[in-house]
Amino acid sequence: MAERWDAIVVGGGHNGLVCAAYLAKAGKKVLVLERRDVLGGAAVSEEVYPGFTYSVCSYVVSLLRPWIIRDLQLPRFGLSIIPLECAFLPTHEGPGLARWGDAERTRREIARFSAKDAEVYPEFGKTMVQMARFVKPLIDAPAPDPLSLRPGRLAELMRHGQRLRELSQEHQAQLSKMMTMSAADYLDEWFESDVLKAPMSVSGIIGTFLGVRSPGTAYVLLHHYMGEIDGAFRSWGFSKGGTGQVSLSIARAAQHFGAEIRTGVGVEQVRMAGGRATGVVLANGDELDASAVVSGVDPHRTFLGLVGEDHLSEDFVSQIRRYKLRGSSGKVNLAVDRLPVFACRPEGDAHLRGDVAIAPSIEYLERAYDEAKYGDFSKRPYLNVVIPSLVDPSVAPPGKHVISCFVQYAPYNLKEGAHTWPDRREAFGDAVVDTLAEYAPGLKESILHRQVLTPWDLEQEFGLTEGNIFHGELSLEQLAFQRPAAGWAHYKTPVRDLWMCGSGTHPGGGIMGASGALAARAMLGTRAS
Amino acid sequence: MPLPTPFHPRTSALCTSLRWKEWAGYHAVCSYDTCHEPEYMAVRHSAGLLDVTPLYKFDVRGPGATDFLCYVTARNVAKLKIGQVGYGCWCDEDGKVLDDGTVTRWDENDYRVTSADPSFAWLSRHARGFDVAIEDVSEDLAALALQGPTSRAILEDACDGDVGALPFFRAMRARLGGVDIDVTRTGYTGDLGYEVWIPREHALTVYDALTEAGRPHGMLPMGLDALDVCRVEAGFILIGVDYFSARRCLIEAQKSSPFEIGLGWTVHLKRDNFIGRDALLAEKRAGSTWALVGLEIDWEELEHLFDAHGLPPQLPTSAWRTAVPVHTGGQQVGRATSGAWSPLLKQNLALASVESRHSAPGTRLAIEVTVEFERKLVSATVRKPPFFDPERKRSTPASQPSSAGEHS
């Protein structure tokens, strides 16, 4: 008789692996199938150029849930996070703005631009931390569902309501502002200095096809302060060996608990029988039997691809079709033979041991969005640049460095069509390098290798539909009980025995692992802690 | 008033935080920047360079050197091969620990002893009857600890001589920046690392050469705050914190035997007389009162205590060393003497002395914590240190891992 699995996880991204690890830990017989030869999905490290390891797509670890780190004993399996020590904004005039862990030093830096902002900055941080306490239980548990009348769901909803009531009236007002306002408008209420507001505002737009003046983008500002309320866990960091090591540590944990992982095995479709998922059909035609199939790929790929519209209701299909993916960002990875020198702050390297934002003003960011709205990439994009080799020498030869540039905007749908991206790829790469070189002269001469990933490439190579890095925009109407579709926000799908565990489910986004873990809990019928 | 070490011209220029403390009569850097965390991260992911000049150093030479060291230390020094380093302790007649340190065997009858406390008078007092010369070279030798995963590459780049092949707890002579130095593969971080012993007058030459070699390997100068977190992760005890030298104790209860502070493995009882032997034999037979253990403090419970006050969990960012009670079943059964949040392991760790019947790994005890000025207890699980023990600590490339290496 053919081998039969309790669960087959489609896609060896970090969420798929987390899900597999939890299922295996609960004693289930689990198989993970990854199409590529390397695990991690978009949380992947690859030696694209000899001696240089790129965190090819996702490049920092933000909100990897502490309870997952503990449950799966990830440090034991190789997870090691190095915190970002600084957030640096280079400018053409003056020394730029560096925000440090050292509050007094940050105050002096901001005061160069606005004495008032310098004082308000810690107040803003305090307010964010207080409100983040309300948001945290939301991302650590299945989405509360106001559409459901099931007692368990109602109780959940009431608990969240209770927490909301515990917030002061002022904080309730702030929260409702954050849910509705744009990042730029919300920050305007606090600060006067553009140089401070611009790099802060971008957290509201990363991975979305929205501008910093688009309503609803303020909410994501909160996520930046989530790490603070995890106590000692810290928020943003590099993974030693690149973000792929996060995935590999999870994979080792999963294997430790008994899961089997196969790479280089593409899944063609979810096999259906009598309206339920009974296994998968591989690209080579082989079929594997399973009592449950878990999809770690995005909702479009899961339902319109692996399952097929024929097996789904028209209403559900149209919901999934309306679910917005529309990628807005690209990635440029550089191998360089020396550390870049930023003209505005040429001495030392402490300010480069975190992230460097090319976001000189709100207007700059909005103009970058304007180009994207009409189907072109930004000639002067927002860049989020990190040099992980500074704090993790294992990713580059001694004295040499890798530079990772997250680039927004790069709309999937170019004016002439997404398929024209390959012709524009190098021009896009040039725009990114040109932009950065305006602040770091000498950069171009130092480049040994360049990898340019457009949204088209993210789709073709990593299976991210329309190049969306979050398996669907993190815009308010696609969050919580509506992610990915109303009524299907709890990892279950309309297909019996088919589950979802990817970033296209609540809470989604970034290397958090919460979607994978919560999916496993839902499958196992256990309550969230 | 503390004195500057020979590296002071460099370390003081780098120490922008002006955070210093006194260590054995010297000025020592706590952290070069306001926060020690980048230095800690450097030790665990690249390398840190620490001034350890304040350690006491003694050269012990002469035909009776081996017999002498066998007599004064609890370790069978005669078993050390030439070029090997041994870690151990020395005790008083009652088998109570006076100090811990290393013994390097440079030649048949040529040793160097390092210690945390001044030990010249004590060594000299017991030298009567041995054909041995003891020289206090504490002030003649400057010392640097180069610790972390890239420390080997840095030393290989900086040194003439095959330092890369030096196994764990071995010693060799080398040249660095034109200076003859001693290199030992030792340290206090529980990581791959070396200590470099330099004639005082050449201290800055070596410091500059190491700084230059370290730059492409991500090396940072490192202070004692970062070291303190590392040593808790590594489960290394500290004199005056986790135990007290019998020499300084006012009452018997303050003294510890090697067995009680996790150093039982360094005590070699099956040999002739050495100081404290009878007492140690008796204790070995009867069992020890105390045991040194690692504690992993439960995070969820701590988080709930803070949550009850509407607060996120807060921990000190530095290692702590104020002893706190450890309980079980409503009874105090010991004290945690130092601890730290491990950013690497994502664990809240402590080293503790507990009654030995509660020292089995896995035992659930409770440790006192203060949350919003209220004393509370949270669960803590007994672990066998070290908490962090990477393979690179003792492995050597292109050779078999040294089986003759050190236990800890």
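Biologist: In which handedness of crossing does α1(A) pass α16(A)?

Modeller: α1(A) passes α16(A) in a right-handed crossing. A crossing is right-handed if the near helix is turned clockwise from the far one by less than a right angle, and left-handed if anticlockwise. The model is predicted: local features need pLDDT of at least 70, side-chain atom pairs count only at pLDDT 80 or more, and totals for chains, interfaces and linings use all residues. Residues are numbered from 1 along each chain as its sequence is written, while chains are lettered from A and ligands numbered from 1 in the order in which they are written.

Biologist: At roughly what angle do the axes of helix α1 and helix α16 of chain A cross?

Modeller: Two packed helices are described by the angle between their axes and the distance between the axes. Here, the axes of α1 (residues 14-25) and α16 (residues 514-524) of chain A cross at roughly 35 degrees and come within 7 Å. Axes are lines fitted to C-alpha atoms, for helices over the stretch in contact, and angles run from 0 to 180 degrees between N-to-C directions. Helices (H or I, at least four residues) and strands (E, at least two) are DSSP runs, numbered from the N terminus.

Biologist: Which residues in α1(A) meet α16(A)?

Modeller: Among them are Val18(A), Cys19(A) and Tyr22(A), and the residues in α16(A) include Ala519(A), Ala520(A) and Met523(A). Contact requires C-beta atoms, placed from the backbone, within 7 Å.

Biologist: In what order do the 6 strands of chain B close into a barrel?

Modeller: Strands of a sheet pair through backbone hydrogen bonds, either parallel or antiparallel. In chain B the order is β15-β18-β17-β16-β19-β20, with antiparallel pairing; two strands pair if DSSP finds at least two bridges between them. Neighbouring strands of this sheet are turned by 45 degrees against each other on average, direction ignored.

Biologist: How many bridges join strand β15 to strand β18 of chain B?

Modeller: There are 8 bridges between β15 (residues 290-297) and β18 (residues 347-355) of chain B. Val293(B) stands opposite Ala352(B) in β18(B).

Biologist: Which strands of chain B does helix α9 lie across?

Modeller: Helix α9 (residues 299-307) of chain B lies across β15, β18, β19 and β20 of chain B, running at about 170 degrees to β20(B).

Key:
Contact = placed C-beta atoms within 7 Å.
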